[in-house]
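The following note sets out numbered comments on the structure shown below. Please read each point against the coordinates.

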Amino acid sequence: MQGMDEKYARLGEILKDMKKIVVAFSGGVDSSFLLKAALEFLGPECVLAITADSETYPEREKNEAIELAKEMNAPHLIIHTSELAIPGYAENPTNRCYFCKNSLFDHLIPIAKERGYDHVVFGAIADDLGEHRPGLQAAHDQGVRAPLLEAHIKKSEIRHLSRQFGLRTWDKPSFACLSSRIPYGEAITAQKLSMIDQAEDFLIQLGFRQVRVRQHDNLARIEVPAADLAEVLAVAETVHAKLKEIGYAYVTLDLKGYRSGSMNEVLGTGFN
């Protein structure tokens with residue numbers, strides 16, 4: 001079995017072979033580590049980080065991506081996209097993420113070609129192979145590479161190496177686009193995305209780091225780690241009042257606690 005040092009060395013070989021790359025950069029744990037590694041192995045003159053700002057991407061995440069790129073001295077570009085403008089996306093099919101990633105790559109590939117970059121890469125990791133990830137198919141279809149996946153690097157290893165390299169994202173909670181809070185088949189609208197964003201932002205301001213507000217019509221289902229359930233109940237009245245103000249008729253707390261991709265549970269895949 002390969003150790004972390006061997007995997008990181010392999011990552012370096014993969015990146016060096018690519019020569020000049022555009023990194024799809026969200027500011028999350030994985031893309032931040034990928035950008036850091038790319039800068040180390042290729043140098044800033046051969047790397048361009050691009051962040052897509054859209055309705056499904058909270059302002060706080062965009063601002064953090066900007067700060068992180070500055071801290072790493074990475075060339076960084078913000079582009080504006082709209083997932084809701086993609087035909088089929090707003091209907092929220094089970095392969096919704098395919099539409100999103102496909103559109104993202106449609107934006108990034110021409111920029112890479114125009115500016116003389118050889119490849120577009122994104123932060124898919126080894127753990128993603130066991131989950132419902134339609135975006136991987138979009139990457140395959142468009143010829144977009146996933147160096148961390150190719151080097152068989154897992155999330156736990158990325159967090160360990162990120163901490164070792166001084167990246168403050170090493171313990172950042174996992175994040176997924178706001179659309180992932182809406183059940184498949186239920187239409188995605190700008191209003192719903194705004195409500196979810198406001199609700200999660202409020203809970204984060206209260207001190208809850210890992211949080212999801214899943215929206216079921218006019219009901220908000222709050223997910224936090226099981227260890228934090230009592231803390232949410234301690235401020236239940238405050239949370240209820242704020243989410244009612246945002247527009248929810250009902251506010252609930254999921255007793256199972258936070259789990260990544262809980263909306264996939266209805267697919268019968270067993271992912272949790």
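1. The chain carries 31 positive and 38 negative side chains, and the centres of the two sets are 2 Å apart. Lys and Arg are taken as positive and Asp and Glu as negative, while His and the chain ends are not counted. Each charge is placed at NZ of Lys, CZ of Arg, CG of Asp or CD of Glu.

2. On provenance, this is a predicted model, in which local features need pLDDT of at least 70 and side-chain atom pairs count only at pLDDT 80 or more, whereas totals for chains, interfaces and linings use all residues. Residues are numbered from 1 along each chain as its sequence is written, and side-chain values use heavy atoms, with hydrogens and water left out.

3. The secondary structure comprises 10 helices and 7 strands; these are DSSP runs numbered from the N terminus (helices: H or I, at least four residues; strands: E, at least two). The radius of gyration is 19 Å, close to the 19 Å that the globule rule gives for 272 residues, so the chain is as compact as a globular protein of that length. That radius is taken over C-alpha atoms, and the rule is 2.2 Å times the number of residues to the power 0.38.

4. Of the 272 residues, 48% are buried (under 20% relative accessible area, with exposed over 50% and partly exposed in between; 1.4 Å probe, protein chains only). Among contacts (heavy atoms within 4.5 Å) between residues at least 6 apart in sequence, 73% join residues at least 24 apart.

5. Within α8 (residues 190–205) lies E200, which counts as buried because its relative accessibility is 1%. Not counting residues up to four places away in sequence, E200 touches R60, L178, R181, V211, R212 and V213.

6. After α8 comes G207, with a positive phi near 110 degrees. L206 sits in the loop between α8 and β5 and is partly exposed, at 37% relative accessible area. Leaving aside neighbours within four places in sequence, L206 contacts V235 and V239.
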